[in-house]
Amino acid sequence: MVKKLVLKGLLFITLIIITFAFIFFGITKVVPPQFTDSYNYMINDKYDNLIKTKSPKIIFISGSSGTFGINSEMIKKETGIDCTNLALHAGFGMKFQTEISKGNISKGDIVVISYEYAQWSGTNLQAELVVTGIDNNIKMYKYVPKKNYIDITKYFPTYIFKKLDSAYITPMKFDGVYSRKAFNKRGDLVFKRSECIMPSPISIDKYGKILINKSIVSDEIIEYVNDFNNYVKSRQATLLVSFPPALKDVVVSSKNEIIEFQSYLDKKLDAPIISNAEDYVFKREYFYNSIYHLNDNGELKRTKLLTRDINKYLATIK
Amino acid sequence: MVFNSVKFLVFFPIVVLAYFIMPNKVKKLFLLVASYYFYMCWIPKYVVLMLFSTISTYLTGFLIDKTESPKKRKISLAINIVVNLGILFVFKYFNFFYDSIKPILDVFNINTDFQSSLLLPVGISFYTFHALGYSIDVYRKTIRHERNFINYALFVSFFPQLVAGPIARAKDLIPQCRENHSFDYDRTIRGLRLILIGMFKKVVIADVVAVYVNQVFNNVQMYTGAALILAVFLFSIQIYCDFSGYTDIALGSAEILGFELMENFKTPYLSTSIGQFWSRWHISLTSWFRDYIYIPLGGNRKGLVRKYINIFIIFCLSGLWHGAAWTFVIWGVLHGLFRICEELIKQFVHPLEFKSHILQKFKDAVKIIFTYCLVCFAWIFFRANTLHDALYVIKNMFSGISFSLLKLNIRDAVNINLLNSGTFFRFYIISVAVSIMALFLMDIYKAYVLHNENVIGMFDKMKRVNRWLIYWSFCVITIFYFIIQHGIFKQTGQFIYFRF
């Protein structure tokens, strides 16, 4: 009788799992994709670029400071190595963004991570960004960290209703800088950002502050980055660490704290740090609409700095 | 740990598996430990109160049983009652009592500040009544004192019924606690069916209509007319499904473990009178008050006037038992008055009888609707956050009834919780309507076909395909709404009666 109960139970559970699998595939594959014009959906284009780009290549990983601050064409020209920019949004969680790079890391590649400073404390994945960003491209779910499965599950009904609304009631529209149209085929943001549109003086309450201090660094992230470094090495590639641009007006740490932060990371991380954090603290004139987002001039400046750092590193190892 | 949580879905199968494979001599102890662990998942330190109540009533039973002296027996019982009700008073009623007398103290310029910051321990009203019922039964010699402390402690703390009933009677549950139970296939299937129905009632009906009910009752001033009527109606559904859903899960869990608990609901909203309603709603509490307070007060044996006074006292106490607030007391008083009016009508008005079967059925239908309306009216006080809100609802629920305004009000009330999504709104309305209809049909079937026998019996009469279809659909929609609960509504899903 116990056997009968167990068998019936397993059969029933299987039926339920199949039902939810149908719902999942029905919504993701049968209902036409609705978020393809969104900023988040760019994660798929960037991933496709990664797969298509031949080695040796530079793979750049960051949050939106990398979207709003890297010109991959310029990096390719200045370093002589093709570059694919995976940076999109810190809300994807740096683990997810870093994991997708594993789609194509090969011999001779250089992987550069440049996490926003808050991400060193722990990376929180925003399920909305991931689920709407992936939309119908379900193979990308394999890169979602296991600990975020519950967040993704909890968000999924919202995704179902939003998608059905867009497909059958009022289609969603995406425009401006936060849309797929703002990017070129290389995955670089080409939306015109000629000046800073934030008010002066900047309100820390509204825009946030940037703390660059060794106290923000979590052991969990250090362990993750070191594990990732081992993976990159196993692929006969190199992992390098750089820093994001930071708006000077909202950096609340002293010069000594920044130096201490950098030395602390240097000590803890197995991968080399190729940049000086202080070099990337820029004035307001280089920024666009947030404390990490650069305008066109800022992007140029930051890309030049990063190229310099990469070339300097390449020269030392030759 | 609540029944509708992932933690319980992990806890329960482990407990069941371990219980059935454990050697007989440690089974009861294991179940006791599991019950204490279940309770400690809330605020662990409050387990001391439950342990204290258990030990004090156990010792009382021992002392009462040991002596034949009526005076000593009475004193032991009295001390035990004072101690246990004292704990209840301190944790549950102190602030209510203090806030009520403070205006009087202020009149006499007595300035005091004795507000208690103690939290209400979960289930205190339930396990206290378990324990008190036991000691009164021993005093009355209805049962002998249970010498085995493990058996007795298990009776008080048995986790399926610990935090929200049913309030078990010692003569029914203690013998079951003495036995070691083994796995039974049919019992397990019955238990699983009950759990599924209970989860459906709670997750798909109670918590879903709560989205609208909470929005209206927490912001009553924004609503009038049909919106308020709908909120009252939906609250009657919410509390029924919440509480009976809990009971179904409790009964189902106990059944799987081999225990039989008493049914707590027998289609109460199909009652033809308030008296019948109270014989079908929260049956374990009503019968507890009847046996341990109403009858000792004299019941209906000391004349009509005394009978009505006793009825009134019982309902006031019932209101107070439910919550330490005047709204609950008024709710209880209303039911008391309804009940007394019914008795008076029965006493002095000849009932209308029809020879025609159809007319008789029509008369019953009118009585059912009228009783339901009275119950809903009283629910206004039960649910309203303040007396002022309750009076606002009553004053405004019949003003400006307009169905177009109602549709707008429903949208406004729920849209923010439904992501302003047209698809979700339609899904919400359809699922609420279909679920309430399913509930109504189930209760009709239970009342008129099964004659209030357990509705689980209806599954045995079905073809296997139909049975599995029902299991499958209930399960899928329950899981889907469970995810919505946590991902969209962001509700805790706590049962209403946990607050008592």
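Ser166(A) touches Gln34(A), Pro171(A) and Met172(A), leaving out residues up to four places away in sequence; a contact here is a pair of heavy atoms within 4.5 Å. The model is predicted, so local features need pLDDT of at least 70 and side-chain atom pairs pLDDT 80 or more, while totals for chains, interfaces and linings use all residues. Residues are numbered from 1 along each chain as its sequence is written, chains are lettered from A in the order in which they are written, and side-chain values use heavy atoms, without hydrogens and water.

Ser166(A) lies in helix H7 of chain A, which covers residues 149-168. Helices are DSSP runs of H or I with at least four residues, strands are runs of E with at least two, and both are numbered from the N terminus. With a relative accessibility of 3%, Ser166(A) is buried; the class holds residues under 20% relative accessible area, with exposed set at over 50% and partly exposed in between, for a 1.4 Å probe and protein chains only. Gln34(A) is 132 residues from Ser166(A) along the chain, yet their C-alpha atoms are separated by 6.5 Å.

Chain A as a whole contains 11 helices and eight strands. Its radius of gyration is 21 Å, close to the 20 Å from the globule rule for 318 residues, so chain A is as compact as a globular protein of that length. That radius is taken over C-alpha atoms, and the rule is 2.2 Å times the number of residues to the power 0.38. Along the principal axes, the C-alpha atoms of chain A fill a box of roughly 70 × 45 × 40 Å. Of the 318 residues of chain A, 55% are buried. Among contacts in chain A between residues at least 6 apart in sequence, 83% link residues at least 24 apart.

Chain B meets chain A through 25 residues of chain B in contact with 20 residues of chain A. The area buried between the two chains is about 2,100 Å², and carbon and sulfur atoms give 83% of it. Buried area is the accessible area, for a 1.4 Å probe, that two parts lose on being put together, summed over both. Tyr185(B), Thr423(B) and Trp468(B) supply 31% of the area that chain B buries against chain A, more than any other three residues.

Within chain B, Asn396(B) belongs to helix H16, residues 387-396. Asn396(B) is buried, at 16% relative accessible area. Apart from neighbours within four places in sequence, Asn396(B) is in contact with Thr224(B), Gly225(B) and Leu228(B).
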